[in-house]
Amino acid sequence: MPIEVNGKSLEVDEEGYLSNLNDWEKDVAEIMAKEDGIDLGEDHWEIINFLREYYEEYQIAPAVRVLTKAVGKKLGKDKGNSKYLYELFPYGPGKQACKFAGLPKPTGCV
Amino acid sequence: MAVKEFEKPELKEFTEVPKLENEATSHLAPFKSKEEFQSTLGYPGELVDNWEDAALDKMGDLLKKYRSLRVYLDSCIQCGACTDKCHYYLGTKDPSNMPVGRQNLLRSVYRRYFTLPGKYFPKLVGAIDLTKEVLDEWYSYYHQCSQCRRCAVFCPMGIDTAEISMAAREIMDSIGVGQKYCNEIIGKVHKIGNNLGLPEPALADTLEGLEEDVVDETEIDVKYPLDQKDSDVLLVTPSADFFAEPHVDGLIGYGKVFHQAGISWTLSSHASEAANFGMFIGSYANMRKLALRIREAALDLNVKRIVFGECGHAWRVAYSFLNTLAGPFDFLDPKYPVPQHICEVTYDLIQKKVLEFDKSANDDMVITYHDSCNVARASNMGDIIGGQFSIPRDIIKATSNHFYDMEESTIKEKTFCCGGGGGLLTDDLMELRMKGALPRMEALKRVVDDYGVTHMAAICAICKSQFSKALGYYGFEMDRIISLHQLVGNALIMNKKEL
């Protein structure tokens, strides 16, 4: 089932992750988030942008600890933990935030 | 992203055997593997035209290759001892999740085509034709078995349902019906070296970050080396240890142990995965190819020992099969077992008083221990009878003051699966995973209520990830699952250096 974004039909996999990374634009995240009942605010975007930057460099989403540390450095220590990330992305920062950011789902024993 | 709604099981004081609900979870089946994942593993991309014949040929091959499979299919006396032993039956109420029900799915086809009475009088012996409906049932229910082998503990004939599930999955793969989760992951290990698809630069960056964290925390320069030639130990650990919580706290603990003991060690970017999903799909060829990466890394890095991190089925494959899959390991130091479990290493160092602990560092926790199925029922540790049970517990007791076991019928060789093992730790099976976690959650609740247990330690990456989800689902806090070596890392006194 493709998703409709700004008049374009974008292919996604069975779980709603974008099939083609290059299809991503900001509205993709907005539309996916709305479907999950989340209104993206600045806090969400900080995470989504970091995920995309990291992916660009390393071709993989960052480890949870790498992410929490980066968030802690940028937004203050009280936010550099999983609890904060789960508040933003209740289904898990690794999976839900990656989906909004257009990255593939992390696989394995995670 | 939301998981489809399903009825939430109620946590009871004791696990109750539920009233049967036929086909309660016949709707569950994981996503099928696409052509690209199938072909990497050497399987057809989609259901082949002559699939009935091909499936029966494959079954015939497996029956010849594995005598155990034929014995298991022949020897069930339908006594019923297994019927209430599977966590998936207890959680789903579906009789096809009774081990005998699951076995019978394959057994009835086996009888039809491979036994004399089944060929001539199928109805009299419960033999059925292989049809598309049967194949769909196989796909559903052989992906509702976590191959945990609890049923085999209770079977008077010793039938191992896990091997029947593995055979069924291999038959299905060979005719083009594979499971996405397992097969995509195996392909990633063949290509990149680990289940996550974590490339070397990302791994190096992650480990550097860990070193910074540990220095910040302890002011001790603990290293997490990658691809360091001529190290004594090659540590092979699940890639979840690099990526997820609470797994990474275990990895931090292993590093502290090696540091304090003065053992030089390294991780490998080539063998950056302990898990061997080849076992889950019953594929010897894939299991071997995955295991060979470890041999290659050990030779390339010129190490003396191979140690496995906290990963349940990795330890089964390593303990039981590594030597025949990827041996001989005559190039390693014969003074040490090949391979060794990180718990054995830590335990030995505790016995020799190389490691000492300040147990009060873990005083904020009251701990229980979850035996992971593949460690409990398919391996050993330390060459001690029951060492796979006593060694992890002895480590917990050496590193903390408050430990309570869960109820006897839910631990050690009778341990309940976390609900996510055997290649089922995937979001498309969330209903099964949550229902299958029920017996473990009930046993946990009792020690929480009776002894004030706050944390459950485990030595398996799948268990840790599964419990992070299941704990939240059943009303516990998700961070109450911890790595065993997190306790070790917390309490280890790090000022002494000499051996």
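**Entry 1: the end of a helix.** I started at B:Gly452, which comes just after helix H20 of chain B and takes a positive phi of about 70°. A note to myself before going on: this is a predicted model.

**Entry 2: the helix itself.** Next I looked up H20 of chain B, which covers residues 438-451. I wanted to know whether its length fits its residue count. At 1.5 Å a residue, its 14 residues should span 20 Å, and the end C-alpha atoms are 20 Å apart, so the two agree.

**Entry 3: what is buried there.** Which residues of H20(B) are buried? I found B:Leu438, B:Pro439, B:Arg440, B:Met441, B:Glu442, B:Ala443 and B:Leu444. Their cover includes helices H4 (87-92), H19 (430-436) and H21 (461-473) of chain B, along with strands E5 (367-369) and E6 (455-458) of chain B.

**Entry 4: two domains in chain B.** I then stepped back to the whole chain, where domain 1 runs over 35-178 and domain 2 over 187-491. Their C-alpha centres lie 30 Å apart. The contact between them takes 23 residues from domain 1 and 24 residues from domain 2. On the domain 1 side, helices H1 (35-40), H4, H8 (150-154) and H9 (161-174) of chain B each supply at least two residues. By class, I noted 9 nonpolar, 9 polar and 5 charged residues on that side.

**Entry 5: where the chains meet.** How many residues does each chain give to the contact? Chain A gives 21 residues and chain B gives 30 residues. On the chain A side, helix H3 (64-75) and helix H5 (93-100) of chain A give two or more residues. H3(A) has the largest share, 4 residues. I sorted the chain A side into 9 nonpolar, 6 polar and 6 charged residues.

Key
Residues numbered from 1 in each chain as written. Chains lettered and ligands numbered in written order. Predicted model: local features only at pLDDT ≥ 70, side-chain atom pairs only at ≥ 80, totals over all residues. Expected span 1.5 Å × (residues − 1). Buried ≥ 20, exposed ≤ 12 C-beta atoms within 10 Å, placed from the backbone. Contact = placed C-beta atoms within 7 Å. Nonpolar A, V, L, I, M, F, W, Y, C, P; charged D, E, K, R; others polar. Domains from an automatic or database assignment.
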